Amino acid sequence: MATRVIGAASLARDLGNWRSAGDDDPARRAARPAYLALAEGIRLLIHDGRAPLGVALPSERDLAATLGVSRTTITSTYALLREHGYLISRQGSRSTVALPPAVPHDGTKPARSILALMAQPELTTIDMTYAAMAAPREMEDAYSTALQGLPAYLGTHGMDPVGVLALREAVARRYTERGLPTEPDQILITLGAQHGLRLLLNVLTAPAARVLIDHPTYPNAIEAIRDVGARPVPVPLLPQSPHSGWDLDGIRSAARQTAATLAYLVPDFNNPTGMLLDADGRAELAAIARETRMTVVVDESMVDLGLDVDTLPPPVAAFAKNSEIVTIGSASKSFWGGLRVGWIRTNQTLITKLLGIRSTVDLGTPVMDQLATVHLLENADTILDRRRDQLRCQRAALLAALAEELPDWRVSAGVGGMSVWAQLPAPVSTALAATAPNHGVLLAAGPRFGVQGAFERFLRLPFTHQEADLRLAVKAVASAYEGLTPRAADPLNPLTCY
C-alpha cells in the first residue's frame, strides 16, 4: 500500500506563521534558527492531529520551494524531528510522522515542545488536549465481576464479532428506556465509537464521496472521513439557530447541493461546544435524511453527560421511519477512556455488511471488557449522577478562572459534555497552542475541530481535570496568551461566530 503524503502546499497552509511557533519573546524569535522554528511548528501539527501518524511529509525540495527557504533548512528540520522521535525513516521510503516513545497515544505523559526540551528545565505540564475523566471507583468491581463471569466463555474460541449477548441486551435495554425500542440483534459491539464510525465509513462511503459534518466537530471523525478518501462538508453550528445551534436548513441545502449520502453529526452535547439538539430539531433532521436519501450517523458518545438538562430529548433514531438514522455510542466518555467498548445501533442488514468489513480489521471486542461494561451499565445511574456532579463543579472552576484571568474571552459552556468552546479576541489559536507548552500547559488549537483552517479564534478547554489543576492551566494559558496578543491582534478581522 502506498504511503499517504502531506502536500507541501497543505503543510505550509497549516503551519501558518511558523517562524513565531513556540516562543513569545521577539528577541529570541529573531535569533532562533529557521530550522528550529519550523521543527516546532511541525511538532505542533503532529500533536494537534493535522499531521496524522503514519503519513509522510513532503520532499525536502518541494517544502523548501513552497516555504521559500533553503533545502538545508528543511534537511535540518527533518533531522531534528527524527532525533526527537517525530519522524521515522526507513531505507528506500519517505520519512513518516510518529510520536516519540515518551509520548504515548493515550496522553498519560504530556509532550513538551522541542524548544522546551532543548532550552528549559523540566516543567509541570497540564494536558488540556484531551477530554476524558479518570475511571470511577466502581471500575475495579466491574472487572472483578467480569472475571467471575468469564468461565462461561472459556469453552468457546472467545472471538465474537457481534458482541456478547449480555452486553447487547444491556445496550438495547438502555435505548428502550430512552424511548427507542431496540432488540439485541440491532446492536453490534465495537472497539469504541471511533471504531464503529470507521466501520460505517468503509461500508457507506466511497472515494471522493461527500460526508456532512457539524462545524466544529470531533477531530478524529474528520480524520477518519479523510482516511477513507471521502470529503467532509462542514455545516456551521449557529448559536442563534432556532434548534439550539443546528442549522437544519443548511444541512438540507448542503445535502441536496453536494449529493451527500452520509452525514456524521453529534447532536447530544456536541464536542467541542456542548450543544444539544432539541426534540423538534431531531424530528426535522430525520425528515431531512428521508427527503434527501441520506444516512445520518449520530454519535451519542456524550449522551450521558447532560449537565444543565432536566430531561433529554429522545434519541434521533426514535424519529426515523426506516433505516435513515444509524447510532453509535461508547462507554469511554461515560465511564473511562481506557474502556474501549462501543456499539452501533442499526438494522440487521447493515450489521451483516459491517461484519463482512470487520473480519478484515479485527475479530471482536475483548470479552472481559464487554462483561465489565455490562456491570457498569447496570449501575450507570449511580455512577453517572456522581460524575455529572463532578463535571459541574470542575466546569464552574474553569469558568471562574477564565473570567478572572481572561475576561475578554467569550466562553460558550454549552449544556453538557466535557468542554467549553472559547472565542478569542484575535485569531491566535494555533500560535497559542504552540507557545503554551513553554508555560506549562498543552492545548488543542481550534482548527483541529474544523476544516479549511477554520476556528483560529477558538479554543476547546476541557474541564475533566481536578479544580486546582484547571486553575493552574488557565493561569498558564493567560501567561502564554499575554505574550501573543500584542503582535497577533488584527483589527481587520472582526469576531466571527461559528
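Helices (H or I, at least four residues) and strands (E, at least two) are DSSP runs, numbered from the N terminus. By that rule the chain has 17 helices and 14 strands. This is a predicted model, in which local features need pLDDT of at least 70 and side-chain atom pairs count only at pLDDT 80 or more, while totals for chains, interfaces and linings use all residues. Residues are numbered from 1 along each chain as its sequence is written, and side-chain values use heavy atoms, with hydrogens and water left out.

**The chain as a whole**

- Of the 498 residues in the chain, 55% are buried, where buried means under 20% relative accessible area with a 1.4 Å probe, counting protein chains only.
- The chain has an accessible surface of about 20,700 Å², and carbon and sulfur atoms account for 52% of that surface; the areas come from the Shrake-Rupley method with a 1.4 Å probe.
- Contacts (heavy atoms within 4.5 Å) between residues at least 6 apart in sequence join residues at least 24 apart in 75% of cases.

**Nonpolar cores**

- A nonpolar core is a set of buried Ala, Val, Leu, Ile, Met, Phe, Trp, Tyr and Cys residues joined through side-chain atoms within 4.5 Å.
- The largest such core has 51 residues, and the members that touch the most others are Leu212, Ile251, Met294, Val296 and Phe335.
- Helix α14 (residues 367-378) contributes the most to this core, with six residues.
- Leaving out residues up to four places away in sequence, Ile251 touches Leu212, Val235, Trp246, Leu265, Leu285, Ile288 and Met294.
- Another core, of 42 residues, lies apart from it and includes Ala131, Phe269, Ala401 and Val420.

**The seven-stranded sheet**

- Seven strands form an open sheet with mixed pairing, in the order β4-β10-β9-β8-β7-β5-β6; two strands pair if DSSP finds at least two bridges between them.
- Strand β5 (residues 210-215) runs parallel to β6 and is joined to β6 by six bridges, with Arg210 opposite Arg231 in β6.
- Strands β7 and β8 run parallel with four bridges, and Ala263 has Val296 in β8 as its bridge partner.
- Strands β8 and β9 (residues 325-330) are also parallel with four bridges, and Val297 has Val326 in β9 as its bridge partner.

**Strand β8**

- In β8 (residues 295-299), five of five residues are buried.
- Thr295, Val297 and Asp299 point one way from β8, Val296 and Val298 point the other way, and all are buried.
- In a regular strand the side chains alternate between the two faces of the sheet.

- Helix α11 (residues 248-258) lies across β5, β6 and β7, at about 160 degrees to β5.
- Buried residues of α11 are Leu248, Gly250, Ile251, Arg252, Ala254 and Ala255, and they pack against β5, β6, β7 and α12 (279-292).
- Just after α11, Ala259 has a positive phi of about 60 degrees.
- Together, β7, α12 and β8 make a right-handed β-α-β unit: with the strands pointing away from the viewer, the path from the first strand over the helix to the second runs clockwise.

How values were computed:
Buried < 20%, exposed > 50% of the residue type's maximum accessible area, 1.4 Å probe, protein only. Axes fitted to C-alpha atoms, helices over the stretch in contact; angles between N-to-C directions.
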